Amino acid sequence: MTVFSGYYFDGKSALRHDAELALVGDEVQLRHAEEVRSFQRSELRVSPRTGAGSRLVAMPDGGQFQCDDNGLLDRLPQDSPSEGIVAWLEQRWGVALGCVVLVALVLFAGHRYGLPAAAESIALRIPIESEKNLGEEVLDSMHEFGWLAPSRIDAQRQDRIRARFNDFRRGQAYEAYLDLQFRHSQAIGANAFALPGGTVVITDDLVELAENDEEVLAILAHEIGHIERRHVMRGLIQDSLVAVAATAVTADAATLTAAVAGLPVVILQSEYSREFEEEADEYSFALLKENGISPSAFADIMERLQARYPDTDNALLNFVSSHPATESRINRAREAAQSND
Amino acid sequence: MTSPSLDAENEPDRAEPFIPDDDLREVEIHETRTLPIEFTGQASVYFRIWIVNLCLTLLTLGIFSAWAKVRKKRYFYASTRIDDSPIQYLAEPIPILKGRLVAAALLFIWWFSSSFYLPALPWVLGAGLIIAPWIVASSAAFNARYSAWRNLTFVFHGNYLGAALTIYWLGLIPILVVGMMFGGLESAFIATEDSGLWLVVLVVVLAAGILFPWWLNRLKRFVARNTSFGTWRVDYGATGGQFFGVYFVAGLIVMGAGVVTAVLGAVLLSLDTTSIDVVVVSVPLYLGYVFAFAYTKASITNVVWNHARLGSVSFRSTMKSGELFALYVTNALAIVATVGLATPWAVMRTMRYRLEHLSARTEQPLSEFVGDDRSTVHAAGAETGDFFDLDLSL
């Protein structure tokens, strides 16, 4: 016979009574004051182990018995059986240390390989058509804000560049969606960007900065790389997944202090966009070579951009910046120009 | 342990086993006594709970998070002892998992429309208007029903209508959302030509900002006044004006930090024009923000508890902004320095701080907490309800 001593709560008042619970075979006796109540073992429900040291036993008449935790209580029917194994794991330092290692591995591998792979496979299943709407909206609002105006590049030059852009398009997975737009902009200076849905925008300043059409095409090839590799959609999915994962991991810390939350997400996300830039660079080198243009055109235009905007290369901005150091991009373009494959 | 009645009240069986409760009640009726609140949570125990559950959550791609929530809450509750009895968290993982799946679906719809299909966003928000009161009421009911002390659970009496009247007070939120639905997002936020509409939007947003403390107080009052424990109902007396005072001072703190930051930036700029360290300049602003956060947390918590009663039990909360600020800063430094491993320690010391600064006194013996059959669900009998028995609070 096993006897646990503890307290009894009747479920009708908040008074605590000294009591004992005795297990006699299949029968259970609750003794408090002078009363003795009997139940079947199978009618009891024991609360899960918590780590705080006491367990609660629910009785079929609505009463409850509280006592210090005891391994024997695990042999009675459990209230939430699925937690038993978790509680067992939670008690062991060896398991905890193993979990530290596992968490570190899962977070590292997930961030490095898992999330990008998952985002890519999801992105490739979503038709690019669904981005079209968003791209048009972005372009419209950039006009409304006065950031973009109609291009002032003469029609002949536009047509010449567009003809070669169309050569680039041929055979691409999103051939039907790739579209080139020239715009004049004071706000963003010499610039080019790929919109969701396949539109590439290049500013007049950038076209004029280029010594020749090859340099313009080098930039356009880089933007085609962004579209072909689905960087908008992948970025959106990756950033969302990172945010969800970071919220799950830092949930406890965030409740204490808003001071630490948010920071890791920004760092992790900017790292992804650095990788996208490198990927688009590689894509452009291959596309340029296919069309008989040396990747050194890319290096040339990047050097010109760097000369025009020298400030953007300081150390702090580089760490947070989504663009890899311009120097290393230029070097890689020169290497690509030299290698024959 | 001040009054002699404590022992008799606490352990009637042991002290005077055969004196019926009724006799004790006569003696104690006008005496007040303290109900000690203590927190026994330990960082070493919580560390293992935290890491095991985090690990399983990651390995199951989030599905285990429902178990993780339950395991952590069980430990927090069981480590909180009022008058030497632990609180009990009764919820089970499966209903929480269902709640999380519903919440995830809602979040996905919001994410999708805000990322890809902006024209649908106002309609998504409009649908959100309809379900928000349900989320507020069902979460409050869930939390009450699955929290117990000495085999008595809390009960929440609020319903959808009450929640809707509370959160849509003065109709400000519905006006904003319905305005967006019919005015369109662009005219609400860009509206460069139509300056009249722009002014209306500005006034509504400004009014919403100023009225926020009153709104928050009404929400807290709605949840508190609709909660009961046994036959005792929670009474809540804090006012919106008190909340406004707290947020006003917090705003001044942030503004003050902004001024210091601007001055510091100007000084650094005049000293050395080549490199201004953005991180150094923003430190005062950041600290000011954390201090304002700590001030708001401490002050609102104090105001709420000091004006709340449960039957004849009154509370006293004495958190200090400076102490909480120091706690937050040391927590953040420790968490960053240990790549997150100090998180459980930080959680435990913060909880201990909060509970060490909370005390309760009662003027009547606890036998008065008698539940009648209609209002009381004893913990032993709390069972999982239907599908809509969900916990949507993430």
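1. B:Ile51 sits in helix α4 of chain B. The model is a predicted one. B:Ile51 has 23 other C-beta atoms within 10 Å, so B:Ile51 counts as buried; the cut-off for that class is 20 or more.

2. Which residues does B:Ile51 contact, leaving aside neighbours within four places in sequence? They are A:Ala96, A:Cys99, A:Val100 and A:Val103. These contacts of B:Ile51 are with residues of chain A. Within its own chain, B:Ile51 has its C-alpha atom 8.7 Å from that of B:Leu341. Along the chain, B:Ile51 and B:Leu341 are 290 residues apart.

3. Next, the interface. On the chain A side, 55 residues are in contact with 65 residues of chain B. At least two residues each come from β2 (17-24), β6 (54-58), α1 (83-90), α2 (93-125), α3 (129-144) and α7 (231-256) of chain A. The top contributor is α2(A), with eight residues. By class, this side of chain A has 29 nonpolar, 18 polar and eight charged residues.

4. Now the nonpolar cores. The largest contains 78 residues. B:Ile51 is among the residues with the most contacts inside it, along with B:Tyr46, B:Val52, B:Cys55, B:Ala294 and B:Leu324. Helix α4 (residues 43-59) of chain B supplies the largest share of this core, 11 residues. As background, nonpolar side chains tend to be buried together in soluble globular proteins.

5. What does B:Ala294 touch, not counting residues up to four places away in sequence? The list is B:Ser321, B:Leu324, B:Phe325 and B:Tyr328. One of these, B:Leu324, is itself named among the residues with the most contacts inside the largest core. Another core, of 34 residues, lies apart from the largest one. Its members include A:Leu206, A:Ala210, A:Ile224 and A:Phe285.

6. Chain B overall. The chain has 15 helices and 11 strands. Of its 394 residues, 34% count as buried. Take the contacts in chain B between residues at least 6 apart in sequence: 72% of them join residues at least 24 apart.

7. Last, helix α15 of chain B, residues 343-356. The helix has 14 residues and spans 20 Å from first C-alpha to last. That is close to the 20 Å expected at 1.5 Å a residue. Which residues of α15(B) are buried? They are B:Thr343, B:Pro344, B:Ala346, B:Val347 and B:Met348.

Notes. Residues are numbered from 1 along each chain as its sequence is written. Chains are lettered from A and ligands numbered from 1 in the order in which they are written. This is a predicted model: local features need pLDDT of at least 70, side-chain atom pairs count only at pLDDT 80 or more; totals for chains, interfaces and linings use all residues. Helices (H or I, at least four residues) and strands (E, at least two) are DSSP runs, numbered from the N terminus. The expected span of a helix is 1.5 Å times one less than its number of residues. A residue is buried if 20 or more other C-beta atoms lie within 10 Å of its own, exposed if 12 or fewer, and partly exposed in between; C-beta atoms are placed from the backbone. Two residues are in contact if their C-beta atoms, placed from the backbone, lie within 7 Å. Ala, Val, Leu, Ile, Met, Phe, Trp, Tyr, Cys and Pro count as nonpolar, Asp, Glu, Lys and Arg as charged, and the others, Gly among them, as polar. A nonpolar core is a set of buried Ala, Val, Leu, Ile, Met, Phe, Trp, Tyr and Cys residues joined through C-beta atoms within 7 Å.
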